[in-house]
Amino acid sequence: MTDHTHADTLRTPIVAVLGHVDHGKTSLLDTIRGSAVSEGEAGAITQHIGATDIPLDTISGMAGELIDPSDFDLPGLLFIDTPGHHSFSTLRARGGALADIAVLVVDVNDGFQPQTEEAIDILRRTGTPFVVAANKVDTTPGWNPQDGEPIQRSMDAQSERAKSMLDENLYEIIGQLSDAGFSADLYWRVQDFQKNIGVVPLSALTGEGVPDLLTVLMGLSQRFMKEEMAIDVTGPGEGTVLEVKDERGFGATVDTVVYDGVIRNGDTVVVGGQDEPIVTEIRALLRPRPLAEIRTEKEFEKVGEVAAAAGVKIAAPDLDQAMAGAPVRVVRDRTVDQVVEEVKAELAEIEVETADN
Ligand code: GDP
């Protein structure tokens with residue numbers, strides 16, 4: 001554990017989007033990113049390796065009347081970009097402890113499907129707080145779309161018939177959540193989000209209900225995760241491997257989500273490997289080049305350090321045996337052996353969890 005006694009800063013909560021194939025995970029992320037960018041502010045979003053950072057100001061612009069930004073002191077939300085991606089399924093199989101909070105996307109017509117059940121099992125096992133995005137409300141027969149509006153406004157614009165058809169589907173999902181052992185309700189009826197799962201009806205296609213989802217995610221994080229978000233931004237970096245990738249000129253690299261401390265170029269790191277932990281020294285920390293500079297032939301830019309929460313590509317020797325889902329730890333203030341033991345222990349714990357499942 002990191003010592004949280006000094007230099008604490010509130011970091012951005014890490015959000016994962018899970019759900020059955022075709023239920024709309026990618027579309028939802030695209031819509032969130034797209035409407036953030038169309039808010040028009042410079043710095044509306046920051047693209048990380050494997051993640052997108054949406055600052056509070058941008059979220060507040062998107063959520064409009066639903067959010068008063070002065071209620072929050074968390075800096076925003078960091079969305080992991082690769083839903084249902086092969087590495088993410090490995091990650092989920094390994095314990096999925098990567099995200100602070102999750103969005104479970106369920107097609108409102110289709111209800112629970114095998115990968116919904118699988119995702120729920122992982123969320124339960126890892127104790128990850130989540131909200132349900134009941135997606136594709138616009139496919140309700142007779143729907144009158146209200147692009148980008150909060151869901152109550154959108155509901156007010158629907159016929160009684162459309163509303164009752166949607167309600168029927170929503171209650172079906174609430175019933176399925178209950179069968180899975182989670183007491184749930186439409187999010188505006190939930191009093192205590194620690195006891196009940198909030199269901200947010202929305203459409204990734206029209207954007208209606210998306211302001212509500214962002215509001216609920218900010219609210220949940222602020223209320224229940226603030227303490228966990230307090231980190232020592234100067235402490236040794238800790239992260240999780242999202243993906244191992246060969247990059248021309250760098251060899252094997254690990255795309256990493258950093259959830260604690262700071263990682264600096266030149267740091268010695270321990271990375272979970274297929275046989276044993278890999279001890280190596282960082283040769284480069286890489287981030288996506290800003291859009292404005294995309295014309296240069298290089299995809300990445302080198303940075304001197306990254307502080308949590310962030311997605312970053314780490315280039316270092318000997319990373320070809322690294323594993324998606326494995327821990328990454330900076331060696332600082334401790335010996336290499338201590339950190340290696342810590343990584344081993346963490347991997348063993350993950351294997352036990354997986355075996356139990
Ligand atoms: P994923 O596999 O969960 O990432 O699902 P996708 O985001 O790729 O979506 C699967 C299909 O559903 C695509 O054809 C999307 O255009 C469509 N889709 C996603 N969200 C919505 C929605 O809210 N409304 C409608 N009508 N279609 C949607």
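This is a predicted model: local features need pLDDT of at least 70, side-chain atom pairs count only at pLDDT 80 or more; totals for chains, interfaces and linings use all residues.

Reader: How many helices and strands?

Author: The protein has 9 helices and 20 strands. Helices (H or I, at least four residues) and strands (E, at least two) are DSSP runs, numbered from the N terminus.

Reader: And what share of the residues is buried?

Author: Buried residues make up 54% of the 357 residues. Buried means under 20% relative accessible area, exposed over 50%, and partly exposed in between, with a 1.4 Å probe and protein chains only.

Reader: How much of the contact is between residues 24 or more positions apart?

Author: They account for 72% of the contacts with a separation of 6 or more. Contact means heavy atoms within 4.5 Å.

Reader: OK, helices. At what angle do α1 and α7 pack?

Author: Helix α1 (residues 25–38) and helix α7 (residues 210–224) pack at about 85°, with their axes 11 Å apart. That makes α1 roughly perpendicular to α7. Roughly perpendicular covers 65 to 115 degrees; angles under 35 count as roughly parallel, over 145 as roughly antiparallel, and the rest as oblique. Axes are lines fitted to C-alpha atoms, for helices over the stretch in contact, and angles run from 0 to 180 degrees between N-to-C directions.

Reader: Which residues meet there?

Author: From α1, Leu 28, Thr 31 and Ile 32; from α7, Val 210, Leu 213 and Leu 214. By class, the contact of α1 with α7 has 5 nonpolar, 1 polar and no charged residues. Ala, Val, Leu, Ile, Met, Phe, Trp, Tyr, Cys and Pro count as nonpolar, Asp, Glu, Lys and Arg as charged, and the others, Gly among them, as polar.

Reader: Is Thr 31 buried or exposed?

Author: Thr 31 counts as buried, at 18% relative accessibility. Leaving aside neighbours within four places in sequence, Thr 31 is in contact with Ala 204, Gly 207 and Val 210.

Reader: How about Thr 26? Which helix is it in?

Author: Thr 26 is found in α1. Thr 26 counts as partly exposed, at 48% relative accessibility. The C-alpha atoms of Thr 26 and Asp 81 are separated by 8.3 Å, although the two are 55 residues apart along the chain.

Reader: Next, α2. How many of its residues are buried?

Author: In α2 (residues 56–63), 6 of the 8 residues are buried. They are Leu 56, Thr 58, Ile 59, Ser 60, Met 62 and Ala 63. What covers them includes α1, β4 (51–55), β5 (76–80) and α7.

Reader: Switching to α6. What's its span?

Author: α6 (residues 160–179) has 20 residues and reaches 28 Å from first C-alpha to last, close to the 28 Å expected at 1.5 Å a residue. The expected span is 1.5 Å times one less than the number of residues.

Reader: Which of its residues are buried?

Author: Ala 162, Leu 166, Leu 170, Ile 173, Ile 174 and Leu 177 are the buried residues of α6. Seen down the axis of α6, they fall within an arc of 105°, so they line one face of the helix. The arc is that of the directions from the helix axis to the C-beta atoms.

Reader: And what's on the face turned away?

Author: That face of α6 carries the exposed residues Glu 160, Arg 161, Glu 168, Glu 172 and Asp 179.

Reader: Back to the backbone. Which residue other than glycine has a positive phi?

Author: Asp 318 is one, with phi near 70°. Asp 318 lies in the loop between β19 and β20 (327–330), and is exposed, with a relative accessible area of 54%. Asp 333 is another residue other than glycine with a positive phi, near 65°. Asp 333 lies in the loop between β20 and α9 (336–356), and is exposed at 72%.

How values were computed:
Residues are numbered from 1 along each chain as its sequence is written. Side-chain values use heavy atoms; hydrogens and water are left out.
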